[in-house]
Amino acid sequence: MLDQRRTTNVLLLVIAIPLVFYLLKVLSFIFIPLIFSMFIALLFLPIMRELGRRRVPKFLSILVVLLLVAGGLKIGFELIQLSSKEILANNADFMQKVEPKLEVLRTYLFDNFGIELDTEQSVFAEFFKKDNIGSTIGFLRSFVTSLLMTAFFVVLWLAESINVHKLLNNTILKQKHTSIKAFMKIEKDLIKFIKVKFLVSALTGLFTGLMCVLFDVSFPIFWGLFAFAINFVQMVGSFISVILLSIFSFVELDPTSTLFFFILSITMVQVLFGAILEPIFMGKSFSINIIAVLVMLMFWGFLWGIPGLIMAIPITVFIKIILEQFSSTKIIASLLSGNETKIEKL
């Protein structure tokens, strides 16, 4: 009878897991804003508590948080607009630098591989094609929709209409003491992750932009913003930033010691903030196996795309803390943490 029950549970699990993943994929337009809003709410939770201790009404506290979020978005949009103006203003000068090197590349590819590269068509002209404009408008529409849904869920989190503690207590963690302990650890670790990741990404973007200014590489504001944004993608973001900026600088800088020192400088920025300072700020309690990081990046990236890559590590930390609460799943949690091969939050 016991074996039969175990077999039934295993079969139900085999059916339930693919169904859950399918729902996560299909309903990504709901789950992505929901989880992003949870991270935002956690980031401002200490402010909410401080205002609560001062007996500020909850609706005013929520309004203060929303104004702070709106202010942050406003700064972000202003920087993006400034970057766009910078690119448009310097487009002609940049294309004058690019054209000779593109001609050399075209000649090399044709002479050695028989590949004919069309260098006559401007990248910006390609962008303003009808199909590309339609795609851009579609992206902006989905972005605004996600932004509004995220703001809506932020209000629900802050108003405690969505309560993770009660959800854990009523579903996964039946014991009240275990539920409170797990929730406190989840909250503490995720708040630490969000704060440290934002700070490190901001410093990475700032110093990447400064390196571009120092070595006279075009569009420093754009590259600073790009380094800031891509740094939220764990591990992979640093490589993408260095590789793309190195290729870009190869077009502008002569292949001499200047190019070498620029690539070395932006690499050292990534190493200093991503591989040295970030693990120190995160602490040993946040260590995750490097194989688990790569697997989770691939899985959540496949499931939710770029938002999945950004949220992969916080979600993994959430799952790890839950698994640590049960003796039957502690082995899985230890595998995620790693006993020998660890990365202390790259």
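## Contacts and overall make-up

Of the contacts in the protein chain that link residues at least 6 apart in sequence, 72% join residues at least 24 apart. The model described here is a predicted one. In this model the protein chain holds 13 helices and 0 strands, and its elements, followed from the N terminus on, are given as α-α-α-α-α-α-α-α-α-α-α-α-α.

The protein chain has 346 residues, of which buried residues make up 34%.

## Helix 2 and the residue after it

Helix 2 covers residues 28–53, a run of 26 residues, and from its first C-alpha to its last it reaches 36 Å, which is close to the 38 Å expected at 1.5 Å a residue. Helix 2 also carries a kink of about 45 degrees, placed at F44, shortly before the proline P46. F44 itself belongs to the buried residues of helix 2, which also include I32, P33, I35 and S37. Further along, M38, F39, A41, L42, L45, M48 and L51 are buried in helix 2 as well.

After helix 2 comes R55, a residue whose phi is positive, near 60 degrees.

## Aromatic pairs

A pair of aromatic rings is described by the distance of the centres and the angle of the planes. In this model the count comes to 14 aromatic pairs. One of them is formed by F215 and F262, an edge-to-face pair with 5.4 Å centre to centre and 65 degrees between the planes. Because F215 lies in the loop between helix 7 (176–214) and helix 8 (220–230), while F262 lies in helix 10 (residues 257–282), the pair ties together parts that are 47 residues apart in sequence. F215 is buried, and F262 is buried too.

Another edge-to-face pair is made by W223 and F226, with 5.7 Å centre to centre and 85 degrees between the planes. W223 and F226 are 3 residues apart in helix 8, and so they are separated by about one helical turn. W223 counts as buried because its relative accessibility is 8%, which is under the cut-off of 20%, whereas F226 has a relative accessible area of 22% and is partly exposed. W223 and F226 also belong to one aromatic cluster, which they form with F219, F222 and F248.

## A charge over a ring

Elsewhere in the model, a lysine is placed against an aromatic residue: the charged end of K25 sits over the ring of F302, at 5.1 Å from the centre of that ring.

## Two residues of helix 9

Which residues does S241 contact, leaving aside its neighbours within four places in sequence? With those neighbours set aside, S241 is in contact with F226, A227, I230 and Q270. S241 lies in helix 9, and with a relative accessible area of 4% it is buried. F226, one of these contacts of S241, is the residue that pairs edge-to-face with W223.

F250 is likewise found in helix 9, which comprises residues 236–252. F250 has a relative accessible area of 45% and is partly exposed. The C-alpha atoms of F250 and V217 are separated by 9.8 Å, and these residues are 33 residues apart along the chain.

Notes. Residues numbered from 1 in each chain as written. Predicted model: local features only at pLDDT ≥ 70, side-chain atom pairs only at ≥ 80, totals over all residues. Heavy atoms only, no water. Helix = DSSP H or I, 4+ residues; strand = E, 2+ residues; numbered from the N terminus. Buried < 20%, exposed > 50% of the residue type's maximum accessible area, 1.4 Å probe, protein only. Contact = heavy atoms within 4.5 Å. Phe/Tyr/Trp six-rings, centres within 6.5 Å; stacked < 30°, edge-to-face > 60°. Lys NZ or Arg CZ within 6 Å of the ring centre and 35° of its normal. Expected span 1.5 Å × (residues − 1). Bend = angle between axes of the 7 residues up to and from the residue.
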